[in-house]
Amino acid sequence: MFQRATLILIGIASAATAQFSTCTMCGDGGDKPSIQSITFRNTGSSSAFVSVTDVSCSGCGTVAPGGNIVLLGSGGSFSGSSGSSGMGMGSTGFPTNTEFNINGQTIELHTSCSRPLGVGTTVGQFTLVEFVTSVRTSASCGPPSPPPGPPACVNDLADCPVAYCPFCVDRFRPLNLRFRLNGGGTAVSPPLAGESDNGEVSGTTVSGTSATVTCGSLFNGVVSLGSEFTINNVRSDGNDVTCNVMGTGSQSITFHV
């Protein structure tokens, strides 16, 4: 994770991710049943304000930890639903991508069933806990099984069991990246350790008490040595991000997202 560069990646916020699950609702071998309802639970430690675009949502609004919201496909019904336009519905009764807005952050969940979707899938701090389709329900599910050994990739660096882990799960891309200005990093020729051809560092070692960090239009500011900063909407400048670190010495760090 850029071990030899001035900046150290310490946090990631990504889009909806599919977790290990013994209970899929659709997407196995091209399985595309009609989805009647999907229940998500706030498994975070704080309340969240959530809305959903183009799908009826019962319970949307401010949801306390442990609270549920229920999304309704075009083949189901309940009273008290809100926020549905019904536009762009696929054969599953849900749009290709269902858009969540959680505390002001937009996250898309792929709901066309072209890939597996089931219990354990997370959207921000919400986790899919129940579903009803035309062919099965989550009531028949067994308990989730743990991943078979170290995961191929992770959604949070806290889950990384080794020095390097890829963090784009099921090709979902990161939204926000948090870095720490480490200082003293050694400039190396590409590729970065563990990054194949996806990143490079050039320049000299950086020292001093602070440095000016510029990452295109994503971040520009003076950062103290040992302090952290966050790059939001990391893909808005394209697939490659270059951060220039100017202090006593300078480095240019490029990585692919």
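Biologist: In this predicted model, which residue does a disulfide join to Cys26?
Modeller: Look for a sulfur within 2.5 Å of another cysteine sulfur. Here the S to S distance is 1.9 Å. The partner lies in the loop between E9 and strand E10, 87 residues apart from Cys26 in strand E2. The disulfide joins Cys26 to Cys113.

Biologist: Is the disulfide of Cys26 and Cys113 left-handed or right-handed?
Modeller: Both Cys26 and Cys113 are buried. The torsion about their S-S bond is about -75°, so the disulfide is left-handed.

Biologist: Is Cys60 buried or partly exposed?
Modeller: A disulfide joins Cys57 to Cys60. Cys57 has 2% relative accessibility, so Cys57 counts as buried. Buried means under 20%. Cys60 has 26%, so Cys60 counts as partly exposed.

Biologist: How many residues apart in sequence are the parts that Cys215 and Cys243 tie together?
Modeller: The sulfur atoms of Cys215 and Cys243 are 2.1 Å apart, and they form a disulfide. Cys215 lies in strand E15 and Cys243 in strand E18, so the pair ties together parts that are 28 residues apart.

Biologist: Are the rings of Phe40 and Phe100 stacked or edge-to-face?
Modeller: Their centres are 5.4 Å apart. Planes over 60 degrees apart count as edge-to-face. These planes are at 75°, so the pair is edge-to-face.

Biologist: Which residues touch the most other members of the largest nonpolar core?
Modeller: This core has 26 residues. Touching the most other members are Phe40, Ile69, Leu71 and Phe100.

Note on methods:
Residues numbered from 1 in each chain as written. Predicted model: local features only at pLDDT ≥ 70, side-chain atom pairs only at ≥ 80, totals over all residues. Heavy atoms only, no water. Phe/Tyr/Trp six-rings, centres within 6.5 Å; stacked < 30°, edge-to-face > 60°. Core = buried A, V, L, I, M, F, W, Y, C linked by side-chain atoms within 4.5 Å. Buried < 20%, exposed > 50% of the residue type's maximum accessible area, 1.4 Å probe, protein only. Helix = DSSP H or I, 4+ residues; strand = E, 2+ residues; numbered from the N terminus.
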